[in-house]
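Me: I'd like to learn how to read a protein model feature by feature. Can we begin with a hairpin?

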Amino acid sequence: MCRWFSYISASEPCLLEDVLITPAHSISKQVHAHYLPLLISHDPKVHAEPTSQSEISHRNRVFCEDGIGMAWYTPTLSQFCTSSPREHPKPSLHPARYKTTQQPAHDANFHSICANTASNVVFAHIRDATGTAITHVNNHPFIFGIHCIMHNGYISSFEKVKKKLCDTLNDEAYAHIQGSTDSEHFAALLMTYLCPLSQQEAAHPHSSEACASQNPGVPTGWETFHGVAEMQVALQKTINTIINLQRTILGDQAEPNDFNIALTDGRNMVACRFRNHPTEQPPSLYCSTHAGVTLNRKFPDHPDGPKGDLGKGNKTEGHNPNAFRKSEDHGQHVIVASEPTTYKGSDWTLIEKNHLVLVEGTGDVVIKKMM
């Protein structure tokens, strides 16, 4: 399975190097190593389906050697576009992206971008290909206007349901697909439901494509903010559609899917950990509202703790002698990631099977069971 990392905050930007490279267990190092606390230690009284060691190995302990992709939201585009018409409010942030099939440890461009880029919203993904080509267009995240989507898992029997799935896509979403992965088709279906035809009729004048000289623009809906309730409904509908297609086409031969999905528009975020099987667990997924302090070099802590490179300080924090801000001054934030990236296990919560993480633009976060 793949691995992904997401960070979102209305007030506190993070340096990409701090969250994606510096930690001993950053996502760029999860190519070969994994840290999966709590997956085996389910309390049977609370968690009805404890995870077996074979399940953990099968859905998590793999080599993610097929490339990395990342997206970070920046105000640059909005600052260079025309003023916003009243009927088309201009999004203040748009996603920039970088994708490569190189190993992140040896990619100088990846390291240079991360060392010199800060953002309030960051998505990153390392890929373990499941039968499709190893090429940068197949790397996540997938971008539709201001919307960014990434996936850890798979659509089972994708080749058998692909044609019918494509029939459900609107024309704009179908035409936007560049690669061959099940994940990008999932993303296109999600955008079809999130942005109905009434929002697709006109190109938005402030999209990245609209600001380009040779492209007339993208659908208005792709450049429109959506509330977490809308995003949740679209995500659930996407999952239900795929499962129903599989049942219709394959009948009793239909197999379970893994859908660990993250979706953001740069203001709100929705994520889920899902597998449609009565006992088997999906790949791992964790949430934290505190780890961002440890993942920011401005603050006293260090993601590797007292045993890290700096190796000084007490057991709680103080491992970063170069800090110049107090921990309590860090802004509200949410991190959702396939694996924890800091030494403080207490900062991370394992998202239960078939649960959603809903993050409002205000920073409020809710974890709830999927319908």
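Reply: Take β9 and β10, which form a hairpin with four residues between them. In the turn, Gly266 has a positive phi of about 90°. Strands here are DSSP E runs of at least two residues, helices are H or I runs of at least four, and both are numbered from the N terminus. The model is predicted, so local features need pLDDT of at least 70 and side-chain atom pairs count only at pLDDT 80 or more, while totals for chains, interfaces and linings use all residues. Residues are numbered from 1 along each chain as its sequence is written, and side-chain values use heavy atoms, leaving out hydrogens and water.

Me: How many bridges join β9 to β10?

Reply: Two strands pair if DSSP finds at least two bridges between them. Here seven bridges join β9 to β10, and the strands run antiparallel. Thr264 has Met269 as its bridge partner in β10. β9 also pairs with β8 (residues 147-154), antiparallel and again through seven bridges. There, Cys148 stands opposite Thr264.

Me: Which residues touch the most other members of the largest nonpolar core?

Reply: A nonpolar core is a set of buried Ala, Val, Leu, Ile, Met, Phe, Trp, Tyr and Cys residues joined through side-chain atoms within 4.5 Å. The largest has 38 residues, and Phe186, Leu235 and Ile239 touch the most other members. Elements giving two or more residues to this core include α7 (182-194), α9 (228-250) and β9 (258-264). The largest share, nine residues, comes from α9. Contact means heavy atoms within 4.5 Å. Beyond four places in sequence, Ile239 is in contact with Phe186, Phe259, Cys272, Phe274 and Met370. A second, separate core of 25 residues includes Met70 and Tyr98.

Me: What does the side chain of Asp182 reach?

Reply: Look for a polar contact: N or O atoms within 3.5 Å, where within protein one must be able to donate a hydrogen and the other to accept it, and residues adjacent in sequence count only if both atoms are side-chain atoms. The Asp182 side chain reaches the backbone nitrogen of Ile155 at 2.8 Å. Asp182 sits in helix α7. At 8% relative accessibility, Asp182 is buried.

Me: How many disulfides are there?

Reply: A disulfide is a pair of cysteine sulfur atoms within 2.5 Å. By that rule the count is zero. For Cys114, the nearest cysteine sulfur is that of Cys14, 9.8 Å away. Cys114 is buried, at 0% relative accessible area.

Me: Where is the pLDDT below 50?

Reply: pLDDT is the predictor's confidence in each residue, from 0 to 100. The protein's mean is 84, and 78% of its residues reach 70 or more. Over residues 40-48 the value is below 50, and this stretch has 10 contacts beyond near neighbours in sequence. It also stays under 50 over residues 309-316. Where pLDDT is low, the predicted coordinates should not be read in detail.

Notes
Buried < 20%, exposed > 50% of the residue type's maximum accessible area, 1.4 Å probe, protein only.
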